[in-house]
Amino acid sequence: MDELTNAISKSRDTAVGPDSIHYQMLKNLPDSAMDTMLGAVNFIWTTGNFPPEWHLPTVIPIAKAGKNSTDATSYCPIGLTSCLCKVMERMINIRLVSYLEKLKLITPVQGGFRKQRSTTDQLVRLKTFVREACVNKQHAVAIFFDLEEKAYDTTWKYGIMKDLFDAGLRGRLAIFIGNFLKDRQFQVSVYSV
């Protein structure tokens with residue numbers, strides 16, 4: 001129950017997914033309903049059976065400012081996923097990150113998506129690297145990668161599962177992540193004002 005209430009409390013009010021359940025609903029549930037929700041989360045965890053709706057977010061295309069509205073690349077896709085699904089994702093992510101951090105399986109130079117670290121740390125490291133090269137009358141070489149917004153669309157699911165297996169992840173956590181990644185689809189909602 002602590003994991004569930006923690007995951008709900010860290011949720012920011014965002015748009016609802018296809019099930020129309022809002023975070024404010026979850027944050028104001030009575031104890032009996034929280035017990036029921038925990039039972040559902042534990043059922044999904046132990047069986048690995050996802051509600052089919054969790055595999056089908058609704059994508060809303062948001063027009064980019066100053067772009068050609070007839071070009072599909074002029075839109076930023078926003079995926080609306082079930083808030084219940086996102087709460088469970090958060091619970092699982094906390095467990096996964098804790099495991100990876102405890103076994104030191106994340107490179108120490110990764111700054112983003114880690115507690116008490118940020119991408120700003122990497123900028124400071126780069127600045128220090130360049131400054132030291134200048135002081136020592138040396139050259140500094142850096143390579144930058146610009147990942148497209150489509151990076152998640154091209155993620156190699158088998159590779160993720162292999163990395164988790166190689167990291168020693170077995171059992172329910174790996175099964176949950178595998179089931180989460182398979183049979184993903186989306187639906188697009190388009191409307192005119």
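I began with the accessibility classes: a residue is buried under 20% relative accessible area, exposed over 50%, and partly exposed in between (1.4 Å probe, protein chains only). I kept in mind that this is a predicted model, in which local features need pLDDT of at least 70 and side-chain atom pairs count only at pLDDT 80 or more, while totals for chains, interfaces and linings use all residues. Residues are numbered from 1 along each chain as its sequence is written, and side-chain values use heavy atoms, with hydrogens and water left out.

Entry 1, salt bridges. I took a salt bridge as a side-chain nitrogen of Lys or Arg within 4 Å of a carboxyl oxygen of Asp or Glu. How many salt bridges does the structure hold? I found 3. Helices were read as DSSP runs (H or I, at least four residues), and strands likewise (E, at least two), numbered from the N terminus.

Glu-3 belongs to helix α1 (residues 2-9) and Arg-95 to helix α4 (residues 83-102), so the pair links distant parts of the chain, 92 residues apart. Glu-3 is partly exposed at 35% relative accessibility. Arg-95 is also partly exposed, with a relative accessible area of 35%.

Asp-13 lies in the loop between α1 and α2 (23-27) and Lys-27 in helix α2, so the pair ties together parts 14 residues apart in sequence. I noted Asp-13 as partly exposed at 46% relative accessibility, and Lys-27 as partly exposed at 32%.

Entry 4, Asp-166 and Lys-162. Here the closest N and O atoms are 2.7 Å apart. Both residues sit in helix α6 (residues 157-166); because they are 4 residues apart, about one helical turn separates them. Asp-166 counts as exposed at 51% relative accessibility, whereas Lys-162 is partly exposed at 39%.

Patches are made of residues with over 30% relative accessible area and no salt bridge; like charges are joined within 9 Å, and nonpolar side chains (Val, Leu, Ile, Met, Phe, Trp, Tyr) within 5 Å. Accessible areas come from the Shrake-Rupley method with a 1.4 Å probe, and for residues only the protein chains shown count as cover. Which residues form a nonpolar patch on the surface? I listed Val-141, Ile-143 and Phe-145, with about 430 Å² of accessible area together. Ile-143 lies in the loop between α5 (119-135) and α6. Its relative accessible area is 69%, which means that Ile-143 is exposed.
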